[in-house]
Amino acid sequence: MRFKKGAVSMAAAVLAGAAFTVLPAMPAAASTPTPSPRILLDEQNQHVYLSTEGQLPYVEVFDLDGNRVGTIDDQPSASGMALSPDGSTLYIAHAELGTISAVSTATLQQTALYQTGVDTERLAFTGGRLWFGFNLLDHSDAGIGSVDLQAQTPTVSLDPDWQWLGDAPNVLADPADPNVLVVTSAFHGGGLGVYDVSTTTAVKTDSYTDADNTYDAVVTSDGEDVVVTMAGEAKVQFFRIADLQPDRPATPVSNVAEAVAVAPDGAVAAGYWNYPYQGAVGMSVVVPGESAPRRTLAAPVNAGGLAWSSDGSRLYAASGGWSPSGTTDPVLNVIHNPEQVDTTMTLTAPAGAEVGTPFSVEGALASTQAFAAGQTVHVTRTDAADPDGTALPDAAVGADGTFSFTDTATAGGDVSYQVSYDGDRDHTSARQSASLTVTKPAKADTTLWLEFENRAKVGAKLKMDGRLTSATSIPVGATVTITRQDSTGPGAALVGTRKVAADGTFQIADVPFVAGPAVYTVTYAGDDTYNGSTVSATVQVLP
(Lines give C-alpha, C1' and ligand atoms only; values in the text may rest on other atoms or scores of the structure.)
Protein backbone atom coordinates (compact mmCIF):
# COMPACT_ATOMS: atom_id res chain seq x y z
CA MET A 1 0.00 0.00 0.00
CA ARG A 2 1.00 3.65 -0.34
CA PHE A 3 0.42 6.47 2.13
CA LYS A 4 -1.36 9.54 0.95
CA LYS A 5 1.07 12.38 0.46
CA GLY A 6 0.74 15.03 3.16
CA ALA A 7 2.33 16.88 6.07
CA VAL A 8 2.72 15.19 9.43
CA SER A 9 4.20 17.12 12.36
CA MET A 10 6.86 15.50 14.50
CA ALA A 11 5.87 15.29 18.16
CA ALA A 12 8.85 16.22 20.31
CA ALA A 13 9.88 14.35 23.43
CA VAL A 14 12.73 16.38 24.91
CA LEU A 15 15.36 14.74 27.07
CA ALA A 16 17.23 17.09 29.34
CA GLY A 17 20.86 17.46 30.35
CA ALA A 18 24.03 15.35 30.20
CA ALA A 19 25.01 16.69 26.81
CA PHE A 20 28.74 16.46 27.57
CA THR A 21 28.89 13.41 29.83
CA VAL A 22 31.80 11.07 29.11
CA LEU A 23 31.18 7.36 29.62
CA PRO A 24 33.81 4.95 30.99
CA ALA A 25 35.50 2.50 28.63
CA MET A 26 33.60 -0.75 28.12
CA PRO A 27 34.96 -4.30 27.63
CA ALA A 28 35.65 -5.63 24.15
CA ALA A 29 32.79 -8.11 24.13
CA ALA A 30 30.30 -7.50 21.36
CA SER A 31 27.07 -5.88 22.46
CA THR A 32 25.07 -7.54 19.68
CA PRO A 33 25.11 -11.32 19.07
CA THR A 34 26.05 -10.90 15.41
CA PRO A 35 28.27 -7.80 15.13
CA SER A 36 29.45 -6.61 11.72
CA PRO A 37 31.64 -3.63 10.78
CA ARG A 38 30.34 -0.36 9.36
CA ILE A 39 32.37 2.34 7.65
CA LEU A 40 32.19 6.06 6.95
CA LEU A 41 34.34 7.65 4.25
CA ASP A 42 35.79 11.08 5.12
CA GLU A 43 37.63 12.29 2.02
CA GLN A 44 38.02 15.81 3.39
CA ASN A 45 40.18 14.55 6.27
CA GLN A 46 41.61 11.62 4.30
CA HIS A 47 40.13 9.05 6.68
CA VAL A 48 37.93 5.98 6.70
CA TYR A 49 36.25 5.23 10.04
CA LEU A 50 35.29 1.65 10.94
CA SER A 51 32.93 0.74 13.79
CA THR A 52 32.12 -2.81 14.84
CA GLU A 53 28.80 -2.78 16.78
CA GLY A 54 30.69 -3.62 19.98
CA GLN A 55 33.12 -6.24 18.70
CA LEU A 56 35.89 -3.73 19.49
CA PRO A 57 35.68 -0.99 22.17
CA TYR A 58 37.01 1.61 19.78
CA VAL A 59 36.56 2.93 16.24
CA GLU A 60 39.43 2.17 13.88
CA VAL A 61 40.77 4.93 11.63
CA PHE A 62 42.38 4.25 8.25
CA ASP A 63 43.87 6.47 5.57
CA LEU A 64 42.38 6.39 2.09
CA ASP A 65 44.86 3.69 1.04
CA GLY A 66 43.57 1.36 3.73
CA ASN A 67 46.44 1.77 6.21
CA ARG A 68 45.40 1.82 9.86
CA VAL A 69 46.50 5.18 11.26
CA GLY A 70 44.80 5.33 14.65
CA THR A 71 41.82 4.60 16.85
CA ILE A 72 39.08 6.57 18.55
CA ASP A 73 39.09 5.06 22.00
CA ASP A 74 36.26 4.52 24.48
CA GLN A 75 33.61 3.90 21.83
CA PRO A 76 31.81 0.75 23.04
CA SER A 77 28.86 -0.50 21.00
CA ALA A 78 29.75 1.94 18.18
CA SER A 79 27.46 1.55 15.16
CA GLY A 80 26.29 4.31 12.80
CA MET A 81 28.42 7.38 12.08
CA ALA A 82 28.03 10.78 10.42
CA LEU A 83 30.12 13.90 9.78
CA SER A 84 29.29 17.51 10.48
CA PRO A 85 28.87 19.62 7.32
CA ASP A 86 32.29 21.25 7.80
CA GLY A 87 33.98 17.89 8.41
CA SER A 88 35.38 18.93 11.78
CA THR A 89 33.30 16.54 13.89
CA LEU A 90 32.55 12.84 13.64
CA TYR A 91 29.42 11.62 15.39
CA ILE A 92 29.28 7.99 16.56
CA ALA A 93 26.11 6.25 17.72
CA HIS A 94 26.29 3.66 20.51
CA ALA A 95 23.55 1.18 19.79
CA GLU A 96 23.19 -0.44 23.20
CA LEU A 97 24.09 2.56 25.35
CA GLY A 98 21.66 5.14 24.03
CA THR A 99 24.37 7.72 23.42
CA ILE A 100 26.10 9.62 20.60
CA SER A 101 29.75 10.70 20.76
CA ALA A 102 31.11 13.85 19.16
CA VAL A 103 34.75 13.38 18.10
CA SER A 104 37.21 15.88 16.66
CA THR A 105 38.39 14.68 13.25
CA ALA A 106 41.64 16.59 13.81
CA THR A 107 42.61 15.00 17.14
CA LEU A 108 40.42 11.86 17.11
CA GLN A 109 39.44 12.73 20.68
CA GLN A 110 35.90 12.75 22.04
CA THR A 111 34.63 16.27 22.71
CA ALA A 112 31.04 15.62 23.80
CA LEU A 113 28.52 12.88 24.51
CA TYR A 114 24.76 13.16 23.97
CA GLN A 115 22.35 10.86 25.78
CA THR A 116 19.34 9.75 23.76
CA GLY A 117 17.93 7.12 26.13
CA VAL A 118 17.15 4.84 23.20
CA ASP A 119 18.97 2.24 21.11
CA THR A 120 20.65 4.67 18.68
CA GLU A 121 22.03 3.06 15.52
CA ARG A 122 22.14 5.23 12.38
CA LEU A 123 23.07 8.88 11.95
CA ALA A 124 22.72 11.68 9.38
CA PHE A 125 23.43 15.41 9.62
CA THR A 126 20.99 17.64 7.76
CA GLY A 127 18.80 20.67 8.40
CA GLY A 128 21.21 21.90 11.07
CA ARG A 129 20.49 18.85 13.25
CA LEU A 130 22.00 15.46 13.90
CA TRP A 131 19.35 12.85 13.06
CA PHE A 132 19.26 9.24 14.16
CA GLY A 133 17.20 6.12 13.79
CA PHE A 134 16.34 4.40 17.04
CA ASN A 135 14.67 1.51 18.83
CA LEU A 136 13.22 1.86 22.26
CA LEU A 137 15.53 -0.11 24.54
CA ASP A 138 12.82 -2.73 25.03
CA HIS A 139 12.40 -2.88 21.21
CA SER A 140 8.69 -2.13 21.55
CA ASP A 141 8.78 0.72 19.05
CA ALA A 142 11.10 2.60 16.69
CA GLY A 143 11.37 5.98 15.03
CA ILE A 144 13.66 8.88 14.25
CA GLY A 145 15.14 11.46 16.56
CA SER A 146 17.45 14.45 16.43
CA VAL A 147 19.96 16.41 18.46
CA ASP A 148 19.63 20.18 18.17
CA LEU A 149 23.30 21.10 18.21
CA GLN A 150 22.58 24.78 17.57
CA ALA A 151 20.79 25.20 20.88
CA GLN A 152 22.74 26.67 23.78
CA THR A 153 22.13 23.39 25.55
CA PRO A 154 21.84 20.65 22.90
CA THR A 155 18.54 18.81 23.28
CA VAL A 156 17.32 15.47 22.00
CA SER A 157 13.90 14.99 20.35
CA LEU A 158 12.28 11.61 19.62
CA ASP A 159 9.45 10.70 17.26
CA PRO A 160 8.30 7.08 17.52
CA ASP A 161 6.45 6.18 14.31
CA TRP A 162 4.51 3.00 13.66
CA GLN A 163 5.71 3.07 10.03
CA TRP A 164 9.16 1.85 11.13
CA LEU A 165 7.90 -1.04 13.25
CA GLY A 166 10.46 -2.60 15.62
CA ASP A 167 13.90 -1.78 14.15
CA ALA A 168 15.81 1.46 14.05
CA PRO A 169 15.35 2.91 10.54
CA ASN A 170 18.07 4.24 8.27
CA VAL A 171 18.38 8.04 8.18
CA LEU A 172 20.04 9.63 5.14
CA ALA A 173 20.99 13.17 4.18
CA ASP A 174 20.25 14.40 0.67
CA PRO A 175 23.42 15.94 -0.83
CA ALA A 176 21.32 18.00 -3.20
CA ASP A 177 19.06 19.52 -0.52
CA PRO A 178 20.28 20.27 3.02
CA ASN A 179 16.70 20.47 4.25
CA VAL A 180 15.63 16.95 3.29
CA LEU A 181 15.92 13.80 5.40
CA VAL A 182 15.32 10.41 3.80
CA VAL A 183 14.26 7.53 6.06
CA THR A 184 14.10 3.84 5.16
CA SER A 185 13.16 0.84 7.24
CA ALA A 186 15.88 -1.59 8.32
CA PHE A 187 15.19 -5.33 8.09
CA HIS A 188 11.51 -5.20 9.01
CA GLY A 189 8.72 -3.52 7.05
CA GLY A 190 8.07 0.20 6.91
CA GLY A 191 9.23 1.26 3.49
CA LEU A 192 10.48 4.76 2.74
CA GLY A 193 9.82 8.26 3.97
CA VAL A 194 10.93 11.80 3.14
CA TYR A 195 10.94 14.63 5.68
CA ASP A 196 11.22 18.38 5.35
CA VAL A 197 13.62 19.46 8.10
CA SER A 198 13.92 23.12 7.14
CA THR A 199 12.20 24.20 10.37
CA THR A 200 12.46 23.13 13.99
CA THR A 201 9.70 20.58 13.36
CA ALA A 202 10.35 17.76 10.91
CA VAL A 203 7.45 17.26 8.49
CA LYS A 204 6.90 13.99 6.65
CA THR A 205 6.18 14.96 3.05
CA ASP A 206 5.97 11.52 1.43
CA SER A 207 5.87 7.84 2.34
CA TYR A 208 6.02 4.55 0.47
CA THR A 209 5.37 1.20 2.13
CA ASP A 210 5.50 -1.23 -0.81
CA ALA A 211 9.29 -1.42 -0.35
CA ASP A 212 9.07 -3.67 2.71
CA ASN A 213 11.98 -5.30 4.53
CA THR A 214 14.74 -3.06 3.28
CA TYR A 215 18.19 -3.73 4.75
CA ASP A 216 20.50 -0.92 3.69
CA ALA A 217 20.01 2.34 1.82
CA VAL A 218 22.07 5.10 0.24
CA VAL A 219 21.26 8.38 -1.51
CA THR A 220 22.91 8.88 -4.89
CA SER A 221 25.54 11.62 -5.15
CA ASP A 222 23.23 13.78 -7.30
CA GLY A 223 20.43 13.56 -4.74
CA GLU A 224 18.00 12.15 -7.28
CA ASP A 225 17.39 8.68 -5.86
CA VAL A 226 17.45 6.62 -2.70
CA VAL A 227 18.74 3.11 -3.39
CA VAL A 228 17.69 0.22 -1.16
CA THR A 229 18.35 -3.48 -0.73
CA MET A 230 15.42 -5.72 0.10
CA ALA A 231 15.23 -8.81 2.28
CA GLY A 232 14.83 -12.02 0.31
CA GLU A 233 15.47 -10.38 -3.08
CA ALA A 234 18.67 -10.48 -5.13
CA LYS A 235 18.27 -6.94 -6.42
CA VAL A 236 18.59 -3.29 -5.48
CA GLN A 237 15.94 -0.72 -6.28
CA PHE A 238 16.21 2.99 -7.14
CA PHE A 239 13.43 5.28 -5.91
CA ARG A 240 13.09 8.94 -6.85
CA ILE A 241 13.31 11.12 -3.77
CA ALA A 242 10.95 13.62 -5.39
CA ASP A 243 7.96 11.24 -5.29
CA LEU A 244 9.31 7.91 -3.90
CA GLN A 245 8.38 6.05 -7.06
CA PRO A 246 10.70 3.48 -8.70
CA ASP A 247 13.10 5.38 -10.96
CA ARG A 248 14.20 2.44 -13.12
CA PRO A 249 13.92 -1.33 -13.27
CA ALA A 250 15.51 -3.07 -10.30
CA THR A 251 19.17 -3.97 -10.73
CA PRO A 252 19.80 -7.72 -10.28
CA VAL A 253 22.80 -8.61 -8.09
CA SER A 254 24.59 -11.84 -7.23
CA ASN A 255 22.65 -12.71 -4.08
CA VAL A 256 20.24 -11.33 -1.51
CA ALA A 257 21.93 -8.03 -0.72
CA GLU A 258 22.32 -6.53 2.75
CA ALA A 259 24.68 -3.65 1.88
CA VAL A 260 24.66 -1.16 -0.98
CA ALA A 261 26.76 1.72 -2.33
CA VAL A 262 26.36 3.59 -5.61
CA ALA A 263 29.14 5.13 -7.71
CA PRO A 264 28.77 8.59 -9.26
CA ASP A 265 28.12 6.95 -12.65
CA GLY A 266 25.39 4.67 -11.25
CA ALA A 267 27.34 1.44 -10.82
CA VAL A 268 26.15 -0.55 -7.81
CA ALA A 269 28.19 -2.32 -5.15
CA ALA A 270 26.13 -4.89 -3.23
CA GLY A 271 27.28 -6.69 -0.09
CA TYR A 272 26.06 -10.10 1.03
CA TRP A 273 26.14 -11.19 4.65
CA ASN A 274 23.88 -14.19 4.01
CA TYR A 275 22.78 -14.83 7.56
CA PRO A 276 22.57 -17.65 8.57
CA TYR A 277 24.42 -19.01 5.52
CA GLN A 278 27.64 -17.67 4.08
CA GLY A 279 27.81 -17.73 0.28
CA ALA A 280 30.80 -17.85 -2.04
CA VAL A 281 30.53 -14.15 -2.93
CA GLY A 282 30.50 -11.48 -0.24
CA MET A 283 30.37 -8.39 -2.49
CA SER A 284 29.93 -7.66 -6.17
CA VAL A 285 30.03 -4.61 -8.41
CA VAL A 286 27.25 -4.47 -10.99
CA VAL A 287 26.65 -1.97 -13.78
CA PRO A 288 22.90 -1.64 -14.40
CA GLY A 289 21.95 -3.36 -17.64
CA GLU A 290 24.79 -5.89 -17.55
CA SER A 291 24.18 -9.54 -16.75
CA ALA A 292 27.43 -10.34 -14.93
CA PRO A 293 29.19 -8.53 -12.08
CA ARG A 294 32.31 -6.56 -12.90
CA ARG A 295 34.16 -7.44 -9.68
CA THR A 296 33.59 -9.69 -6.66
CA LEU A 297 34.94 -10.03 -3.14
CA ALA A 298 34.72 -13.29 -1.21
CA ALA A 299 34.46 -11.84 2.31
CA PRO A 300 30.86 -11.09 3.40
CA VAL A 301 29.82 -7.44 3.77
CA ASN A 302 26.83 -6.38 5.86
CA ALA A 303 24.66 -3.24 5.90
CA GLY A 304 26.71 -0.07 6.28
CA GLY A 305 29.89 -1.81 5.17
CA LEU A 306 30.33 -0.21 1.74
CA ALA A 307 31.48 3.25 0.62
CA TRP A 308 32.42 4.54 -2.82
CA SER A 309 34.92 7.36 -3.38
CA SER A 310 33.53 10.55 -4.91
CA ASP A 311 35.47 10.02 -8.15
CA GLY A 312 34.50 6.35 -8.44
CA SER A 313 38.10 5.16 -8.43
CA ARG A 314 37.94 3.25 -5.13
CA LEU A 315 35.43 1.11 -3.32
CA TYR A 316 35.79 0.51 0.40
CA ALA A 317 34.30 -2.69 1.83
CA ALA A 318 34.36 -3.72 5.49
CA SER A 319 34.38 -7.43 6.16
CA GLY A 320 34.83 -9.53 9.28
CA GLY A 321 32.74 -9.58 12.40
CA TRP A 322 30.31 -12.43 12.91
CA SER A 323 29.69 -15.01 10.21
CA PRO A 324 28.34 -18.57 10.16
CA SER A 325 31.93 -19.83 10.32
CA GLY A 326 32.80 -17.75 13.39
CA THR A 327 33.78 -14.23 14.43
CA THR A 328 36.82 -12.68 12.77
CA ASP A 329 38.64 -9.38 13.10
CA PRO A 330 37.25 -6.55 10.97
CA VAL A 331 39.10 -5.84 7.74
CA LEU A 332 38.95 -2.77 5.51
CA ASN A 333 39.24 -3.82 1.87
CA VAL A 334 40.21 -1.14 -0.66
CA ILE A 335 39.27 -2.06 -4.22
CA HIS A 336 40.90 0.14 -6.83
CA ASN A 337 39.06 0.82 -10.09
CA PRO A 338 36.11 -1.30 -8.94
CA GLU A 339 34.23 -1.05 -12.23
CA GLN A 340 37.06 -2.71 -14.12
CA VAL A 341 36.50 -6.34 -15.08
CA ASP A 342 39.33 -8.80 -14.79
CA THR A 343 41.46 -9.11 -17.93
CA THR A 344 43.59 -12.13 -18.77
CA MET A 345 46.25 -12.43 -21.45
CA THR A 346 47.59 -15.40 -23.37
CA LEU A 347 50.83 -15.21 -25.36
CA THR A 348 52.19 -17.84 -27.75
CA ALA A 349 55.63 -17.79 -29.38
CA PRO A 350 56.82 -20.33 -31.95
CA ALA A 351 58.72 -23.32 -30.61
CA GLY A 352 61.88 -22.02 -32.23
CA ALA A 353 63.23 -19.71 -34.89
CA GLU A 354 66.35 -19.15 -36.96
CA VAL A 355 68.54 -16.09 -37.00
CA GLY A 356 67.55 -13.77 -39.80
CA THR A 357 64.17 -15.39 -40.43
CA PRO A 358 61.06 -13.35 -39.42
CA PHE A 359 58.59 -15.00 -37.05
CA SER A 360 55.34 -13.98 -35.35
CA VAL A 361 54.23 -13.99 -31.70
CA GLU A 362 50.47 -14.14 -31.15
CA GLY A 363 48.41 -13.18 -28.13
CA ALA A 364 44.90 -12.45 -26.93
CA LEU A 365 43.18 -10.45 -24.21
CA ALA A 366 40.07 -11.95 -22.66
CA SER A 367 37.39 -10.21 -20.61
CA THR A 368 33.66 -10.22 -20.10
CA GLN A 369 33.60 -6.67 -21.51
CA ALA A 370 34.44 -5.84 -25.13
CA PHE A 371 37.61 -3.90 -25.86
CA ALA A 372 37.27 -0.43 -27.33
CA ALA A 373 38.93 0.42 -30.63
CA GLY A 374 42.46 1.74 -30.51
CA GLN A 375 43.71 -0.47 -27.67
CA THR A 376 47.38 -1.52 -27.79
CA VAL A 377 49.81 -3.70 -25.87
CA HIS A 378 53.44 -2.87 -25.10
CA VAL A 379 56.16 -5.31 -26.19
CA THR A 380 59.69 -5.73 -24.82
CA ARG A 381 62.28 -8.21 -26.10
CA THR A 382 64.99 -9.56 -23.79
CA ASP A 383 67.95 -11.60 -25.04
CA ALA A 384 71.66 -12.10 -24.43
CA ALA A 385 72.48 -9.02 -26.49
CA ASP A 386 70.24 -6.80 -24.33
CA PRO A 387 69.38 -8.41 -20.99
CA ASP A 388 67.72 -5.17 -19.83
CA GLY A 389 65.23 -5.41 -22.66
CA THR A 390 64.52 -3.58 -25.90
CA ALA A 391 61.16 -1.93 -26.50
CA LEU A 392 59.48 -2.99 -29.73
CA PRO A 393 56.59 -1.15 -31.40
CA ASP A 394 53.22 -1.46 -29.66
CA ALA A 395 50.85 -4.06 -31.11
CA ALA A 396 47.25 -3.17 -31.93
CA VAL A 397 44.47 -5.11 -30.21
CA GLY A 398 41.59 -6.24 -32.40
CA ALA A 399 37.94 -6.03 -31.47
CA ASP A 400 38.08 -9.69 -30.41
CA GLY A 401 41.08 -9.03 -28.15
CA THR A 402 43.69 -10.69 -30.38
CA PHE A 403 47.03 -9.17 -31.32
CA SER A 404 50.31 -10.24 -32.94
CA PHE A 405 53.72 -8.83 -33.76
CA THR A 406 56.61 -9.90 -35.97
CA ASP A 407 60.28 -9.91 -35.05
CA THR A 408 63.58 -11.05 -36.57
CA ALA A 409 66.38 -12.22 -34.31
CA THR A 410 69.91 -11.23 -35.22
CA ALA A 411 71.65 -13.60 -32.82
CA GLY A 412 71.07 -17.07 -31.49
CA GLY A 413 70.12 -18.09 -27.96
CA ASP A 414 67.10 -17.70 -25.68
CA VAL A 415 64.78 -14.80 -26.47
CA SER A 416 61.81 -13.74 -24.30
CA TYR A 417 59.00 -11.27 -24.92
CA GLN A 418 57.16 -9.38 -22.19
CA VAL A 419 53.79 -7.99 -23.24
CA SER A 420 51.72 -5.66 -21.04
CA TYR A 421 48.25 -4.14 -21.31
CA ASP A 422 47.61 -0.93 -19.36
CA GLY A 423 43.90 -1.48 -18.92
CA ASP A 424 41.23 1.18 -19.28
CA ARG A 425 38.08 2.34 -17.52
CA ASP A 426 36.43 -1.05 -17.96
CA HIS A 427 39.39 -3.45 -17.85
CA THR A 428 42.16 -4.29 -15.41
CA SER A 429 45.74 -4.34 -16.61
CA ALA A 430 47.31 -7.63 -17.70
CA ARG A 431 50.72 -8.93 -18.63
CA GLN A 432 52.23 -12.12 -19.96
CA SER A 433 55.55 -13.41 -21.27
CA ALA A 434 56.71 -16.06 -23.75
CA SER A 435 60.11 -17.40 -24.73
CA LEU A 436 61.71 -19.26 -27.60
CA THR A 437 65.14 -20.48 -28.62
CA VAL A 438 66.70 -18.90 -31.69
CA THR A 439 69.25 -21.01 -33.55
CA LYS A 440 71.66 -20.23 -36.31
CA PRO A 441 70.71 -21.83 -39.64
CA ALA A 442 72.87 -24.72 -40.94
CA LYS A 443 75.89 -23.49 -42.91
CA ALA A 444 75.85 -23.88 -46.68
CA ASP A 445 78.59 -25.99 -48.31
CA THR A 446 80.98 -24.37 -50.76
CA THR A 447 83.12 -25.78 -53.59
CA LEU A 448 86.34 -24.43 -55.12
CA TRP A 449 87.48 -25.03 -58.73
CA LEU A 450 90.99 -24.25 -60.11
CA GLU A 451 92.41 -24.45 -63.70
CA PHE A 452 95.73 -23.45 -65.24
CA GLU A 453 95.58 -21.16 -68.27
CA ASN A 454 99.04 -21.97 -69.70
CA ARG A 455 102.04 -24.28 -69.30
CA ALA A 456 104.29 -23.65 -66.33
CA LYS A 457 107.91 -22.63 -66.94
CA VAL A 458 110.63 -21.42 -64.58
CA GLY A 459 110.67 -17.62 -64.52
CA ALA A 460 107.50 -17.31 -66.60
CA LYS A 461 104.13 -16.06 -65.34
CA LEU A 462 101.70 -18.86 -64.68
CA LYS A 463 98.02 -17.87 -64.85
CA MET A 464 95.21 -19.74 -63.09
CA ASP A 465 91.44 -19.27 -63.04
CA GLY A 466 89.36 -20.21 -59.99
CA ARG A 467 85.77 -20.17 -58.85
CA LEU A 468 83.95 -20.44 -55.53
CA THR A 469 80.45 -21.87 -55.73
CA SER A 470 77.61 -22.75 -53.33
CA ALA A 471 74.19 -24.33 -53.67
CA THR A 472 72.48 -21.22 -52.26
CA SER A 473 74.39 -18.08 -53.15
CA ILE A 474 77.93 -16.84 -53.45
CA PRO A 475 79.35 -15.58 -50.14
CA VAL A 476 79.49 -11.81 -50.43
CA GLY A 477 83.02 -10.44 -50.06
CA ALA A 478 84.60 -13.88 -49.69
CA THR A 479 88.39 -14.06 -49.82
CA VAL A 480 90.47 -17.08 -50.85
CA THR A 481 94.07 -17.84 -49.93
CA ILE A 482 96.55 -19.36 -52.45
CA THR A 483 99.75 -21.27 -51.56
CA ARG A 484 102.42 -23.10 -53.61
CA GLN A 485 104.30 -26.20 -52.49
CA ASP A 486 107.46 -27.03 -54.47
CA SER A 487 111.12 -28.01 -53.88
CA THR A 488 112.12 -24.56 -52.66
CA GLY A 489 111.20 -25.32 -49.12
CA PRO A 490 109.76 -27.73 -46.69
CA GLY A 491 106.52 -25.77 -46.37
CA ALA A 492 104.04 -24.14 -48.69
CA ALA A 493 104.77 -20.62 -49.81
CA LEU A 494 102.04 -17.99 -49.74
CA VAL A 495 101.16 -16.81 -53.22
CA GLY A 496 98.55 -14.34 -52.00
CA THR A 497 94.86 -13.73 -51.35
CA ARG A 498 92.09 -12.87 -53.74
CA LYS A 499 88.60 -11.44 -53.21
CA VAL A 500 86.14 -13.36 -55.32
CA ALA A 501 83.87 -11.55 -57.74
CA ALA A 502 80.12 -11.46 -57.43
CA ASP A 503 79.90 -14.58 -59.57
CA GLY A 504 82.49 -16.36 -57.44
CA THR A 505 85.38 -16.14 -59.91
CA PHE A 506 88.92 -15.07 -59.21
CA GLN A 507 92.30 -15.06 -61.02
CA ILE A 508 95.76 -16.03 -59.82
CA ALA A 509 99.21 -15.29 -61.34
CA ASP A 510 102.48 -16.77 -60.05
CA VAL A 511 106.10 -17.15 -61.25
CA PRO A 512 107.62 -20.51 -60.32
CA PHE A 513 111.30 -20.45 -59.43
CA VAL A 514 112.30 -24.12 -59.73
CA ALA A 515 111.55 -26.89 -62.15
CA GLY A 516 109.55 -29.85 -61.08
CA PRO A 517 106.12 -30.42 -59.67
CA ALA A 518 104.36 -27.51 -57.97
CA VAL A 519 101.16 -27.93 -55.98
CA TYR A 520 98.86 -24.89 -55.87
CA THR A 521 96.22 -24.94 -53.13
CA VAL A 522 93.28 -22.52 -52.84
CA THR A 523 91.42 -22.28 -49.50
CA TYR A 524 88.18 -20.57 -48.46
CA ALA A 525 87.99 -20.41 -44.64
CA GLY A 526 84.17 -20.05 -44.46
CA ASP A 527 82.10 -17.77 -42.16
CA ASP A 528 78.97 -17.85 -40.01
CA THR A 529 76.86 -18.81 -43.00
CA TYR A 530 79.11 -20.88 -45.23
CA ASN A 531 81.35 -23.86 -44.63
CA GLY A 532 84.93 -23.57 -45.83
CA SER A 533 86.38 -25.51 -48.77
CA THR A 534 89.74 -26.16 -50.47
CA VAL A 535 91.08 -27.34 -53.81
CA SER A 536 94.59 -28.33 -54.94
CA ALA A 537 96.07 -28.70 -58.41
CA THR A 538 99.58 -29.88 -59.49
CA VAL A 539 101.50 -28.50 -62.42
CA GLN A 540 104.83 -29.65 -63.90
CA VAL A 541 107.19 -26.65 -64.11
CA LEU A 542 109.60 -26.89 -67.03
CA PRO A 543 113.20 -25.60 -66.82
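**Ground rules**

I number residues from 1 along each chain as its sequence is written. For this predicted model, local features need pLDDT of at least 70, side-chain atom pairs count only at pLDDT 80 or more, totals for chains, interfaces and linings use all residues, and side-chain values use heavy atoms, with hydrogens and water left out.

I took strands as DSSP runs of E with at least two residues, numbered from the N terminus. Two strands pair if DSSP finds at least two bridges between them. I looked up E5 (59-62) and found that E4 (47-51) pairs with it in the antiparallel sense. That pairing has 3 bridges, and Val48 stands opposite Phe62 in E5. On E6 (residues 68-72), the antiparallel pairing with E5 runs over 4 bridges. There Phe62 stands opposite Arg68.

I then checked the side chains of E5, with buried meaning under 20% relative accessible area, exposed over 50% and partly exposed in between (1.4 Å probe, protein chains only). Val59 and Val61 point one way, Glu60 and Phe62 point the other way, and all are buried. In a regular strand the side chains alternate between the two faces of the sheet. The hairpin of E5 and E6 has 5 residues between the strands, and Gly66 takes a positive phi near 90 degrees in that hairpin.

Most residues other than glycine have a negative phi. Glu53 has a phi near 55 degrees and sits in the loop between E4 and E5. Glu53 counts as buried because its relative accessibility is 12%. Leu244 also has a positive phi, of about 55 degrees. I found Leu244 in the loop between strand E21 (235-240) and strand E22 (251-252). Its relative accessible area is 0%, so Leu244 is buried.

**Entry: strands E24, E25 and E26**

I looked at E25 (residues 283-286) and its partners. Strand E24 (residues 268-271) pairs with E25 in the antiparallel sense over 4 bridges, with Ala270 opposite Ser284. Strand E26 (residues 295-297) runs antiparallel to E25 and is joined to it by 3 bridges. In that pairing Val285 stands opposite Arg295. Met283 and Val285 point one way from E25, Ser284 and Val286 the other way, and all are buried.

**Entry: an open sheet**

Next I traced an open sheet of 3 strands in the order E27-E28-E29, with antiparallel pairing. E27 (306-308) and E29 (326-336) stand at the edges with a single partner strand each, so one side of each has no neighbour in the sheet. The twist averages 5 degrees from one strand to the next; axes are lines fitted to C-alpha atoms, and angles run from 0 to 180 degrees between N-to-C directions. E28 (residues 314-323) is joined to E29 by 9 bridges. For Leu315, I noted Ile335 as the bridge partner in E29.

**Entry: cores**

I took a nonpolar core as a set of buried Ala, Val, Leu, Ile, Met, Phe, Trp, Tyr and Cys residues joined through side-chain atoms within 4.5 Å. The largest has 25 residues, and those with the most contacts inside it include Met345, Phe403, Tyr417 and Val419. Among the elements giving two or more residues to this core are strand E30 (344-348), strand E35 (402-407) and strand E36 (413-421). Another core, of 22 residues, lies apart from it and includes Met464 and Val541.

Contact means heavy atoms within 4.5 Å. Leaving aside neighbours within four places in sequence, Val419 is in contact with residues including Met345, Val377 and Phe403.

**Entry: aromatic pairs**

Rings of Phe, Tyr and Trp (its six-membered ring) pair if their centres lie within 6.5 Å; planes under 30 degrees apart count as stacked, over 60 as edge-to-face and the rest as tilted. The count comes to 8 aromatic pairs. Phe405 and Tyr417 have ring centres 5.5 Å apart and planes at 55 degrees, so this pair is tilted. Phe405 is in E35 and Tyr417 in E36, 12 residues apart, and both are buried. With Phe359 they form one aromatic cluster.
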